[in-house]
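The entries follow the order in which I looked things up.

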Amino acid sequence: MLVIDNSNSMYPSETSKEDRMTKTKAAANAFVDTLLTEDSTTRIALVVYNLKETHTGFYAYANRAALKQQINAIEQNEDEGGTFTQLGLHTARTLLNSAESTGQNKSIVLLSDGEPTKAYEFVAVNATYTNCQSSHSIF
């Protein structure tokens with residue numbers, strides 16, 4: 001599972017000329033080329049997040065070019081440009097726990113430049129070590 005931060009800080013701005021997204025795309029494409037080889041049974045899905053998330057299904061060697069097209073098509077969305085890393089990781093975990101994820105060894109690789117700007121709020125209700133219940137919402 002490949003999870004990519006698509007927040008505004010990944011792109012050049014007036015305060016930072018560094019283009020982290022270009023480097024991230026190069027690293028993601030190298031990751032695909034390294035893992036999706038002809039004799040491999042590895043499959044990779046892609047999650048891209050900022051304040052919202054988008055995701056793909058799982059890609060194998062035969063359709064790795066389509067996955068690389070998805071990676072290369074990532075574009076900045078200034079209106080949704082915050083960093084909601086929990087959303088990206090939650091989506092990845094949900095996909096890895098789905099019926100579509102058939103691998104025995106499941107991993108998440110996160111490509112990000114830094115600290116989240118948004119998170120789920122955690123509220124514990126009657127929390128004990130043996131009886132921990134929680135609710136969460138987006139704040």
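**Entry 1, ground rules.** I am working with a predicted model, in which local features need pLDDT of at least 70, side-chain atom pairs count only at pLDDT 80 or more, and totals for chains, interfaces and linings use all residues. Residues are numbered from 1 along each chain as its sequence is written, and side-chain values use heavy atoms, with hydrogens and water left out.

I looked up the elements and found three helices and six strands, in the order β-α-β-β-α-α-β-β-β from the N terminus. Helices (H or I, at least four residues) and strands (E, at least two) are DSSP runs, numbered from the N terminus. Of the 139 residues, 31% are buried. Buried means under 20% relative accessible area, exposed over 50%, and partly exposed in between (1.4 Å probe, protein chains only). Among contacts (heavy atoms within 4.5 Å) with a separation of 6 or more, 66% join residues 24 or more positions apart.

I checked the length of helix 3, residues 85-96: its 12 residues should span 16 Å at 1.5 Å a residue, and the end C-alpha atoms are 17 Å apart, which agrees. The expected span is 1.5 Å times one less than the number of residues. Its buried residues are T85, L87, G88, T91, A92, L95 and L96. Their cover includes strand 1 (2-5) and strand 5 (120-125).

D5 sits in strand 1. I found D5 buried but without a salt bridge, the nearest side chain of opposite charge being R20 at 8.4 Å. For charge, Lys and Arg count as positive and Asp and Glu as negative; His and the chain ends are not counted. A salt bridge needs a side-chain nitrogen of Lys or Arg within 4 Å of a carboxyl oxygen of Asp or Glu. The residues that D5 touches, leaving out those up to four places away in sequence, include M10, Y49 and D113.

**Entry 5, salt bridges.** The whole structure has five salt bridges. E18, R20, K23 and D113 form a network of them. E18 pairs with R20 at 3.6 Å between the closest N and O atoms, and K23 pairs with E18 at 3.5 Å. D113 and R20 also meet at 3.5 Å, N to O. D113 lies in the loop between strand 4 and strand 5 and R20 in helix 1 (residues 20-35), so this pair ties together parts 93 residues apart in sequence. I noted K23 as exposed at 54% relative accessible area, while E18 is partly exposed at 36%.
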